[in-house]
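Colleague: Before I use these labels in my notes, I would like to know what each one rests on. Could you take me through them?

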Amino acid sequence: MALDEEQSSAAHEMRRAIDCLRDCADLAEIDSATLEVLAAGAVHFSLPAGSLLFESGSTPDGVYLLASGRLGVKTQGMVDLTAEIERNELVGEAGWLLREQRSATVFALRDSELLLVPNDLLDAVAARSTGFSLALARLCARRLRRSNLRDTKQKSAHVFAIVPNSFELDVANLATRLVAEFARAGRTELVWDARASTHTAGWFNRIEEMNDYVVYVADPSASGWTRQCCRQADVILLAAPADSDCKPWPGGIAEAALARGARVELALLHDERVSVGAATRWLKGSPVALHHHIVDAADLARTARLLTRRGVGLVLSGGGARGFAHLGVIRALREARVPIDFVGGSSIGSIIAAGVAVGWSDEEMSMRYRRSFVDSNPVNDYTFPFVALTRGRKVARLLQREYGDVLIEDLKQPYFCVSANLSSGRVLEHREGSLADALRASVAIPGVMPPVYRGEDVLVDGAAINNLPVDIMQTHAPGLVIGCDVGADRFALGRGDKRRINIFQILMHSGMINSASSAAMQRERADVLMKPPLANVDLLNWRAFDRAIQAGYDYARLALEGLPAIPRLAAPIERARPNSLAAELARRMAV
C-alpha cells in the first residue's frame with residue numbers, strides 16, 4: 001500500500017511538473033516529449049516569502065520555473081527591484097546560456113513554488129533539441145531589450161495586509177471600508193484568519209490570481225497569521241487610532257517587508273479632525289514611506305487611491321507672480337471633479353500647493369494670497385545687500401500669519417516642497433517639520449531674500465535646481481502626475497525695454513537658469529503637462545493676480561475637455577451656500 005501511495009504521489013508530481021512547463025509561454029513551441037524529459041528530471045520545492053533563490057555572483061545550478069507565487073529581481077548597486085517574475089515564467093536562463101556567474105539577486109516576494117531544471121539535464125535536452133536552446137536565447141534577448149528600453153515601470157500594488165496596532169482599533173470596519181473603495185476599481189477579496197488559516201500557499205496564490213486586489217486582515221500580535229499576511233503583501237498598512245498610546249508593531253514585520261521590496265505605510269484614524277502632533281509621535285523611528293490621515297469618507301477614498309497607485313499627484317512650479325495661474329488650474333481641476341490626492345511644488349508653487357494640502361477652498365486661497373502678495377508686496381523690506389536685497393522678514397511674517405504652526409506631517413493631504421541646498425548642491429525635499437519654515441526656504445530667491453540656515457545646510461529657492469519636481473512626486477508613486485509649469489523659459493524683452501530691467505528681475509531669472517536644463521526633462525516625465533500662456537505676466541507683477549488666475553483657469557478648463565481619460569470623482573464636491581461661505585471666510589480672515 002505504501003509503495004502504491006508513493007508511486008501515485010510521484011505520478012501526481014510528474015503531471016504537475018508537465019502542466020507547469022506547458023503553461024510557460026516561453027516554452028510554447030517545445031514538443032511534448034522534450035517537456036516530459038524536463039519534467040521527469042525537475043526538482044520541485046517551496047520558497048517562503050523573503051527567502052533568497054540565488055545571489056549575484058553565485059554559480060548557476062540550472063534554470064527555474066515559477067509554478068506559483070512571485071519573485072523579485074535586483075541587480076547589483078540598485079536599491080529598487082529591477083524586475084518581477086510572475087507565475088509560469090522562467091528565471092536564471094542567462095547564467096546557463098552564458099556559463100557565467102549570476103548577474104542579479106533573485107528572492108521570493110510571495111510564498112512560492114518552483115521547479116529547478118538542473119544544468120546537466122539542460123545540457124542533455126539542448127543537445128537533442130535546438131529549439132529549446134533557441135527558446136531560452138529569445139527569452140534572454142527580450143529581457144535585455146526591455147532593460148535597454150528601461151521598461152521597468154513600478155507595478156500597481158495588488159495585495160495589502162492591514163496590521164492593527166492594538167485591539168482598540170476596529171480593524172474589521174477599516175478593512176471593509178477599504179475593500180469597498182478598492183472594489184470601485186476592480187474585483188477585490190477580503191481575507192481574514194478565520195477563513196484562511198487552514199489553507200495552503202497554493203490557495204493564497206489562487207485567491208490573488210482571481211482578483212485585482214486582495215486585502216488580508218492581520219492580528220495586532222506577531223502571530224503566525226500576521227507574518228503570513230505580511231509575507232503575501234505588496235503593501236503593509238500599519239493602522240492605529242491617532243490619539244492612542246504609541247506602541248510598537250509586531251517585531252520585524254516592517255523590516256522584513258522592506259527587505260523584500262514591499263512598501264510600508266501608516267494609517268492614522270482620527271475622530272472629527274486631525275489630532276495635532278499625532279503623526280510626529282507615530283512616525284518617530286518608523287520606517288513608513290507615506291502616512292495617511294483618515295477622518296472622513298473622502299480621506300478613506302484618497303487613501304485607497306494612493307495605496308493602489310490610482311491617485312493623482314499635482315506638482316506646481318515656481319514662477320513668481322505667474323504662480324497665481326496655479327489657482328486657476330486648481331479651480332478648473334476641482335470643477336472637473338479631478339481628485340488631487342498628493343501635492344508638491346517649488347518656490348511660489350510650494351505656497352499654492354500648501355493651500356491645497358491645508359484644505360482651503362478656491363475662495364479662501366484667493367483671499368489669503370491676495371492679502372499677502374497684492375495688498376502687501378512681500379519683497380519690499382529692503383536692506384543693505386550684504387547677503388540679499390531684502391531682509392526676508394516680511395515673507396516669513398506673512399507665511400507665519402497664513403500657515404501658523406502647522407506641521408507638514410499633520411496635513412490631511414500628503415504634501416512636499418523643495419528647496420536648493422547650497423551646501424550639498426542638491427535638492428532638499430521637505431516632508432516634515434514646520435510648514436511655514438519649509439516654505440520660507442523654498443521661496444528664498446538667491447540675492448533677493450536671505451537663505452535659510454539649517455545646521456550646516458544653506459537653503460535657497462527650490463527653483464534654483466528643480467523648478468518642477470515631477471521626479472520627486474513620482475518617487476511617491478501616487479499614480480497619474482499632473483505638472484503645471486508657469487516658469488519663464490527665457491528672459492524675454494521687447495524693443496526699448498532695456499531701461500526697465502531691474503535687479504529683482506535679473507536675480508529671479510538667473511536663479512532659475514540652473515534648473516532650465518532639467519525643465520524639459522521634468523515636463524516629459526509628467527503624465528499630463530499644463531503650461532498656461534503667461535508671456536504677458538512678469539515674474540514680479542503681483543498686481544497681475546486676477547489676470548494670471550483667469551489665464552490658468554481658461555487654459556486648464558479647455559485642456560481638461562481634451563483629457564477624458566483623466567480620473568474623475570464619482571460625484572461633485574459639495575460646496576457651502578455663498579452666504580454661509582462668505583461668513584465663514586470673514587470669520588477666518590479676522591483671526
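Modeller: What follows goes through the labels one by one, for a model that is predicted.

Colleague: How do you know that the count of disulfides is 0?

Modeller: A disulfide needs two cysteine sulfur atoms within 2.5 Å. The sulfur of Cys 24 has its closest cysteine sulfur in Cys 20, at 9.7 Å, which is too far for a bond. By this rule the chain comes to 0 disulfides.

Colleague: Why is Cys 24 called buried?

Modeller: Buried means under 20% relative accessible area. Cys 24 has 1%, so Cys 24 is buried.

Colleague: And why is Cys 140 called partly exposed?

Modeller: The label covers what lies between buried, under 20%, and exposed, over 50%. Cys 140 has a relative accessibility of 24%, and therefore counts as partly exposed.

Colleague: How much of the protein chain is buried?

Modeller: Of its 591 residues, 52% are buried. The chain exposes about 27,600 Å², and carbon and sulfur atoms supply 52% of that area.

Colleague: What makes E10 and E14 the edges of their sheet?

Modeller: The sheet is open and has 6 strands, in the order E10-E11-E9-E12-E13-E14, with parallel pairing. Strand E10 (188–191) and strand E14 (290–294) each have a single partner strand, so one side of each is left without a neighbour in the sheet. On average, neighbouring strands of this sheet are turned by 20 degrees against each other, direction ignored.

Colleague: How do you know that E13 and E14 are paired?

Modeller: Pairing takes at least two bridges. Strand E13 (residues 263–269) is joined to E14 by 5 bridges, and the two run parallel.

Colleague: Which residues touch the most other members of the largest nonpolar core?

Modeller: Tyr 369 and Tyr 415 do, in a core of 58 residues. Helix H14 (residues 348–358) gives the most to this core, with 7 residues. Beyond its neighbours within four places in sequence, Tyr 415 is in contact with several residues, including Phe 342, Ala 353, Ile 408 and Leu 439.

Colleague: What lies apart from that core?

Modeller: Another core does, of 30 residues, among them Ile 207, Val 214, Ala 278 and Trp 282.

How values were computed:
Residues are numbered from 1 along each chain as its sequence is written. This is a predicted model: local features need pLDDT of at least 70, side-chain atom pairs count only at pLDDT 80 or more; totals for chains, interfaces and linings use all residues. Side-chain values use heavy atoms; hydrogens and water are left out. Buried means under 20% relative accessible area, exposed over 50%, partly exposed in between (1.4 Å probe, protein chains only). Helices (H or I, at least four residues) and strands (E, at least two) are DSSP runs, numbered from the N terminus. Axes are lines fitted to C-alpha atoms, for helices over the stretch in contact, and angles run from 0 to 180 degrees between N-to-C directions. Accessible areas come from the Shrake-Rupley method with a 1.4 Å probe; for residues, only the protein chains shown count as cover. A nonpolar core is a set of buried Ala, Val, Leu, Ile, Met, Phe, Trp, Tyr and Cys residues joined through side-chain atoms within 4.5 Å. Contact means heavy atoms within 4.5 Å.
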